[in-house]
Amino acid sequence: MGNRWIGNTFIYLIIFVAVIAVFFMLFSPGDDGEQSDLTSILALAKNGQISSIVVDGDRIVATSRQANQQLVAAKEPGTSIFEILQTAGIDPVERGIEVEVHRSGGLGNLFGILLQFLPLIFFGAILLFMMRQAQGSNNQALGFGKSRARMNTGNRPTVMFSDVAGVEESKTELQEVVEFLKYPERFLALGAHIPKGVLMVGPPGIGKTLLSKAVAGEAGVPFFSISGSEFVEMFVGVGASRVRDLFDQAKRNAPSIVFVDEIDAVGRHRGAGLGGGHDEREQTLNQILVEMDGFETSTNVIVIAATNRPDILDPALLRPGRFDRRVVLDLPDINGRVAILEVHCKGKPLGDDVNLERLARQTPGFSGADLANLVNEAAILAARRSEKTVSMSDMLESIDRVTMGPERRTRVISQKEKEIVAYHEGGHALVGHLLEHGDPVQKISIVSRGMAAGYTKSLPEEDRMFYSRPQLIDRITMALGGRVAEEITFNEVTTGASNDLEQVTQIARAMVTRYGMSESLLPRTFGKREEMVFLGREISEMRDYSEKVAQEIDEEVQSIVVDAYHTAKRLLLENYPKLVQIARYLMLHESIEGPDLEQLFSSEAPPLDGAVPVGA
């Protein structure tokens, strides 16, 4: 900051001198008389033709008696005009010459000197500017290997454990880390070693970064946060240098916490081929391994790392002594979602009809970030409608916006397509309602959202970790309900069921090849999924079975899908009047949910009025 101020002051000084120079050049006394020489003026003075002589510095202005003409000449610097006249034998008194001398000020001489040195000052300024630029480049080059970690001193914590909800077991594990940092002597007295590293594993948006901030806030110690990708550069060795500098800073501020987000960017399995043999990444990983458990280790620095891909991390990074603890964060259950919603709704004006438990039941599979986005979208919807509070309808609308996108009511569709969508969604809903192991239907809509022309939302009554074979069969049957409804109503099928068919095929094939739910094949898995480290996702499947078994797998998948298709068709044909009733209601009201939907299912269907299933 000081160097910049000095440089700017110097530049302003140069500009000031230039302005003064221009001023003196423009407003200096001009040569109004006729240019002459000193010899001619002395000759005229000796003949008595000069009436007055005015001396202004080294400039002489003589006035002629006859034409009253002014003659301008220059004299030698430092020579008096009287000495010049005396040397020429001229007595000003005898000749009647009036001599007037104007002494030039010191300021004028100073600016004259400055004007002479102005080119030198200008080129000096250019040279100084170039040197400062070169110095800045050198500083940048010297700081290239410095750590870019952001430090939080912890004096004024912004996140505490009370701000994190839905991960109570993980908070308990990390609470011990806080105790290690606050009261290390309590554990050292019993011979316990403070863990060097804690690896937090969980899907995106689950709260890994937020939880690490809460640890720093609770412990009140310096907190260094950095992303794994910030270590890796184009030049080999820079990442390792930044790791060394990061741990040096952490040790100087010990006890402290180092948080590395997305550690899989540098901690991937070494020697795994593509994506794992980069020299820079390997050198960076090696330096992290040495810093965490090498010859020189510090028990006052705890490393907390976060990743959603622990399967691709190097085994040397995961062993005890480096990451001693693994904290697994899973998607919150219904109680956790209620607690998360309470945290994010704090400070927001909620309506009296808002039921957080009902919202939690309708958001299975939502992470903490999803729930935060849900509450924020509801507040935006309420503000858009100029409401004073956030109502339950805003919350429910926000769920659909987060999961599927905003409504596209301006989308123009024909009456025929609208009728097809109504029967399609009605088929899904009616089949799902009639199945024994199906999830209860919560909402039906034929309003377009995102890429979907309509949707049927069904949610389980309670959170599930496992699915039985009847439950998966019923999911396949419900997914086929829309296509079957189109077929028996219009005697034709459309492309609207393409996503349903993909889901059906995926579930049926997984039942046979992964879950061992086949009735004819042995309870074993078929096919080994190959994953490439640099992509981090499944890209191929290696067949570990014969062609005969492959044919049996296809036949079993086909059998599951065909049986579910016939079940859906039987249910819709037996309850076709109810299907027509649901479709007509949707064409009139576009969507239905809650008590209205329950009443629609429980009411008696009106007569068909000639409408019969043409595709039966």
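1. Ground rules. The model is predicted, so local features need pLDDT of at least 70 and side-chain atom pairs count only at pLDDT 80 or more, while totals for chains, interfaces and linings use all residues. Residues are numbered from 1 along each chain as its sequence is written, and side-chain values use heavy atoms, with hydrogens and water left out.

2. Confidence. The average pLDDT (the predictor's confidence in each residue, from 0 to 100) is 78, and 78% of the residues score at least 70. Contact here means heavy atoms within 4.5 Å. Where pLDDT is low, the predicted coordinates should not be read in detail.

3. Overall make-up. Of the 616 residues, 40% count as buried, where buried means under 20% relative accessible area, exposed over 50% and partly exposed in between (1.4 Å probe, protein chains only). Among contacts between residues at least 6 apart in sequence, 72% join residues at least 24 apart.

4. Helix α14. This one runs over residues 368-384, which makes 17 residues, and it reaches 24 Å from first C-alpha to last, close to the 24 Å expected at 1.5 Å a residue. That expected span is 1.5 Å times one less than the number of residues. Gly368, Leu371, Leu374, Val375, Ala378, Leu381 and Ala382 are buried. Seen down the axis of α14, the buried residues fall within an arc of 155°, so they line one face of the helix; the arc is that of the directions from the helix axis to the C-beta atoms. Ala383 and Arg384, on the other side of α14, are exposed. The cover over the buried residues includes α12 (334-345) and α15 (392-404).

5. The cores. A nonpolar core is a set of buried Ala, Val, Leu, Ile, Met, Phe, Trp, Tyr and Cys residues joined through side-chain atoms within 4.5 Å. The largest has 50 residues, of which Ile444, Ile476, Met511, Ile553, Leu572 and Leu579 touch the most other members. Elements giving two or more residues to this core include α16 (415-434), β12 (441-445), α18 (498-513) and α19 (547-574). Leaving aside residues up to four places away in sequence, Met511 touches Arg469, Leu472, Ile473, Ile476, Gly516, Met517, Ser518 and Ile560. Another core, of 28 residues, lies apart from the largest one; Val159, Val178, Met200 and Ile302 are among its members.

6. Positive phi. Two residues to look at here. Ser386 isn't a glycine, yet its phi is positive, about 60°. Ser386 sits in the loop between α14 and α15 and counts as exposed, at 63% relative accessibility. Glu590 is also a residue other than glycine with a positive phi, near 75°. Its place is the loop between α20 and β16 (591-593), and Glu590 is partly exposed, with a relative accessible area of 27%.

Note on methods. Helices (H or I, at least four residues) and strands (E, at least two) are DSSP runs, numbered from the N terminus.
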